[in-house]
Amino acid sequence: MASPPTLESVPLPTDCSCPITQDLMEDPVVASDGTSYERRAIEHWLQSHRTSPLTNLPLASEDLIPNNALRSVIQEFLSRLPETQRSEQELRWKRQSETLQTRAPEDVRPRAPWDIRLTDKEMEEGGPALLVLTMSRRLAFLHSALRDAAQS
């Protein structure tokens with residue numbers, strides 16, 4: 001008997017992941033560097049920076065444009081997940097929002113894909129399961145990047 005799929009077994013579309021949070025975006029926006037970010041994360045970044053979080057080059061503008069097409073892709077992705085996994089994602093979004101509200105803007109740094117550190121709060125609330133989920137996402141991202149590099 002096959003077990004139900006888990007979020008770890010469902011690959012996260014790499015274009016749906018925020019470069020700052022390394023998590024599925026809830027409210028994707030495009031910054032003037034042409035990159036899509038989670039709105040809360042890039043707004044938090046812009047409170048203390050005027051540069052791209054990816055390149056550290058100056059941003060031409062602080063305007064953020066909703067990425068409605070990407071939002072639709074993410075909503076479609078979520079609709080295909082079992083209810084428990086959608087609930088887990090909503091909980092991560094809530095924690096992420098709370099973390100950004102309590103953290104100083106200079107503490108927000110884009111995470112490298114291989115960075116699997118979790119905050120103390122994340123360890124308390126999600127513990128090993130969240131660590132495994134984070135690791136699997138980072139590994140999927142690295143695998144995708146290596147596959148793309150091999151093809152070029």
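Buried means under 20% relative accessible area, exposed means over 50%, and partly exposed lies in between (1.4 Å probe, protein chains only). By that rule, cysteine 18 is buried at 1%, and cysteine 16 is buried at 2%. The structure holds zero disulfides, a disulfide being a pair of cysteine sulfur atoms within 2.5 Å.

A word on the ground rules: this is a predicted model, in which local features need pLDDT of at least 70 and side-chain atom pairs count only at pLDDT 80 or more, while totals for chains, interfaces and linings use all residues. Residues are numbered from 1 along each chain as its sequence is written, and side-chain values use heavy atoms, leaving out hydrogens and water.

Let's turn to charge pairs. Eight salt bridges turn up in a search of the whole structure, each a side-chain nitrogen of Lys or Arg within 4 Å of a carboxyl oxygen of Asp or Glu. One of them joins arginine 92 to aspartate 23 (3.7 Å, N to O). Arginine 92 sits in helix H3 (residues 83–102) and aspartate 23 in the segment before E1, so the pair ties together parts that are 69 residues apart in sequence. Helices (H or I, at least four residues) and strands (E, at least two) are DSSP runs, numbered from the N terminus. Both arginine 92 and aspartate 23 are buried.

Within helix H1, arginine 39 and glutamate 43 are four residues apart, about one turn of the helix, and their side chains meet in a salt bridge. Arginine 39 is partly exposed at 22%, as is glutamate 43 at 36%.
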